[in-house]
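Please take a moment with the sequence and the model below before reading on.

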Amino acid sequence: MAKVKLTKTELKAQTDALKRFQRFLPMLQLKKQQLQSEIAGITAKADEVSRKERAVRDDLNRWVGLFATDENLLAGLVKVKSVNTGSANIAGVAIPTFDSIETDVKEVDQWATPAWVDSAVETTTKVLSLQCERAIFEEQRRLIAAELQQTSQRVNLFEKVKIPECKEAIRVIKIALGDEQTAAVTRGKIAKGRVPESTEEEA
């Protein structure tokens with residue numbers, strides 16, 4: 001704890017600071033809980049997207065045998081051109097939200113390619129969309145986790161450092177001021193006790 005001045009002015013400053021820390025701490029604790037809850041929710045959503053992706057990939061396995069017949073046909077069949085996102089605010093944290101993706105589909109000769117290519121395009125697009133959605137959830141989680149870390153540090157700072165320091169400073173200052181007041185009273189009594197003696201001597 002930094003050295004504090006043993007004055008009434010410092011006592012007021014420390015008391016005001018303690019009240020401020022005690023007022024902000026519950027808000028920080030609430031924010032910490034909210035962020036933890038949001039991370040749990042985002043993790044659950046990301047897991048659900050992963051489950052859907054696995055299901056789509058399982059469906060895609062039906063085409064694996066057909067894909068193997070002409071790998072050149074499937075190479076780069078569908079590519080992500082752009083990811084459309086929005087934005088949201090969670091506990092003061094700006095995060096991206098997933099809307100949709102835009103894809104580039106390789107031009108193929110409809111007459112020279114098998115009928116399953118259309119289904120392959122649709123299924124591959126679903127997989128890519130789910131992958132992009134999961135990536136957005138991971139970015140949300142990263143951003144909120146960073147804010148959670150900062151909030152947790154502030155909670156610890158207030159709980160374990162600032163509030164105890166203020167309480168200790170207030171205790172020390174009150175003792176010092178009390179001792180000073182006691183000493184002043186004692187000096188006053190001594191001075192008062194000497195007045196009659198001086199009067200008698202003058203008489």
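**A walk through the model**

Arg171 is partly exposed, with a relative accessible area of 44%, where buried means under 20% relative accessible area, exposed means over 50%, and partly exposed lies in between (1.4 Å probe, protein chains only). This is a predicted model, in which local features need pLDDT of at least 70 and side-chain atom pairs count only at pLDDT 80 or more, while totals for chains, interfaces and linings use all residues. Residues are numbered from 1 along each chain as its sequence is written, and side-chain values use heavy atoms, with hydrogens and water left out.

Arg171 forms a salt bridge with Glu168, the closest N and O atoms being 2.7 Å apart; a salt bridge is a side-chain nitrogen of Lys or Arg within 4 Å of a carboxyl oxygen of Asp or Glu. Both Arg171 and Glu168 lie in helix H4, three residues apart, which is about one turn of the helix. Helices (H or I, at least four residues) and strands (E, at least two) are DSSP runs, numbered from the N terminus.

By the salt-bridge rule the count comes to nine. One of them joins the side chains of Lys31 and Glu147, at 2.7 Å from N to O. Lys31 lies in helix H1 (residues 8–60) and Glu147 in helix H4, so this pair ties together parts that are 116 residues apart in sequence. Arg134 forms another salt bridge, with Glu53, and here the closest N and O atoms are 2.2 Å apart. This pair also links distant parts of the chain, with Arg134 in helix H4 and Glu53 in helix H1, 81 residues apart. Arg134 is partly exposed at 22% relative accessibility, whereas Glu53 is buried at 7%.

Which residues does Phe137 touch beyond its neighbours within four places in sequence? Phe137, placed in helix H4 (residues 116–202), is in contact with Ile42, Lys45, Ala46 and Val49, where contact means heavy atoms within 4.5 Å. Phe137 counts as buried, at 12% relative accessibility. Phe137 and Ala44 are 93 residues apart in sequence, and their C-alpha atoms are 9.8 Å apart in space. Further along, Thr151 also lies in helix H4 and is buried, with a relative accessible area of 4%. Leaving aside its neighbours within four places in sequence, Thr151 is in contact with Leu28, Lys31, Lys32 and Leu35.

The loop between strand E1 (78–90) and strand E2 (93–105) holds Ala91, and this residue has a positive phi of about 50° although it is not a glycine.

Some charged side chains sit over rings, which is counted if NZ of Lys or CZ of Arg is within 6 Å of the ring centre and within 35 degrees of the ring normal. The charged end of Arg20 sits over the ring of Phe21, 5.6 Å from its centre, and Arg23 lies over the face of Phe24, at 5.2 Å from the ring centre.
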